[in-house]
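Here are my notes on the model, point by point. Please keep the structure open while reading.

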Amino acid sequence: MAEFQWSEWLPYIFAALMGIAILVYVILDGFDLGIGILSPLADDTQKDRMVSAIGPFWDANETWLVLAVGLLLVAFPVAHGVILTTLYFPVAVLLIGLILRGVAFEFRAKVSLDAKPSWNRMFFIGSLMSALAQGYMLGLYVLGLDTSWPAVGFAALVAVCLAAAYAAIGAAWLIHKTEGTLQVRAVKWLRASLGLVALGMAAISLATPLASTRIWDRWLGFPESLILAPLPILTVALFVWLWRLSGRMPLEGDRLNLAPFAALAGIFALGFAGLAWSFYPYVVPGQITIAEAASATESLAIILVGTLFVLPVITGYSIWAYRIFGGKAVDLRYD
């Protein structure tokens, strides 16, 4: 039996931690970005309730993005340089969007009533900018950071579909956190956005194998295609189940109000698992492997000690916040 070697496993441990941080961020910050994208469709009273539904959580949600980028920087500095150099512009757009929505989130409740609509628009614009920038980066990453015009067109399609996916999971969160007219409208928003979510996942699923013969073989060879079949089958099953369930919602007694959010989180996780399988062992698709991009073993060992302290704190704080502020959203107050 081969002896366990820390030096060989440390890079893959950090790749797994970074992957978990990205997935948790996409699910958690995805729903509060989605609520910002949906906000222009609501009246002023409903906007306040929508912001109240994410108020206690959005700060904690974004810490997962900080953790993921931090791990990329310190554990895989070579990949960090290549990825962020290529994606410099969308990263800048993402940061501007996150700052804009954060400022608008606070200011919209403090300014005069005449200025409030302007900050509501800033909240929407910042949320949409952040979602589109993330989708654009995902599209370019899937194609190996190709920046040709066809790749840019594909990335633009993925950007629109990811914004729709965030709108869908934002609507699903509203179904859980609200009631009455706003909950009924959230069900309609969810069903309206599901088509684009399915289109985005189908586009990425088709483009990824075509971008690389290695990925093509990993998905369509035998017995790999048989082993991986549960991923697309479960994804389609969740889509169908969600579509049928949302057609009957809201249910009597508000039953299953969290089910649409759980279903979309499952769809996101399945899609992420598919991407991870496609690109392993590369951290920059087709260019740099996880082992090649990793920092020195001594550095990774020190970083791991810090990560094992920070990760439980972030996880514990997030769980605590969601438990304390569980139940339906109430009136928004800043005093």
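1. A nonpolar core here is a set of buried Ala, Val, Leu, Ile, Met, Phe, Trp, Tyr and Cys residues joined through side-chain atoms within 4.5 Å. Buried means under 20% relative accessible area, exposed over 50%, and partly exposed in between (1.4 Å probe, protein chains only). The largest such core has 86 residues. F76, W189 and L264 have the most contacts inside it. Helix α1 (residues 6-38) gives the most to this core, 15 residues. Helices are DSSP runs (H or I, at least four residues), numbered from the N terminus.

2. The model is predicted: local features need pLDDT of at least 70, side-chain atom pairs count only at pLDDT 80 or more, and totals for chains, interfaces and linings use all residues. Residues are numbered from 1 along each chain as its sequence is written, and side-chain values use heavy atoms, leaving out hydrogens and water.

3. What does F76 touch, beyond residues up to four places away in sequence? Its contacts (heavy atoms within 4.5 Å) are P11, F14, A15, M18, L71, I290, A293, A294 and S295.

4. Now the helix α5 site. L95 is found in α5 (residues 88-107). L95 counts as partly exposed because its relative accessibility is 47%. Its C-alpha atom is 9.2 Å from that of A133, 38 residues apart along the chain.

5. Last, helix α8. L199 lies there. At 42% relative accessibility, L199 therefore counts as partly exposed.

Terms used
Helix = DSSP H or I, 4+ residues; strand = E, 2+ residues; numbered from the N terminus.
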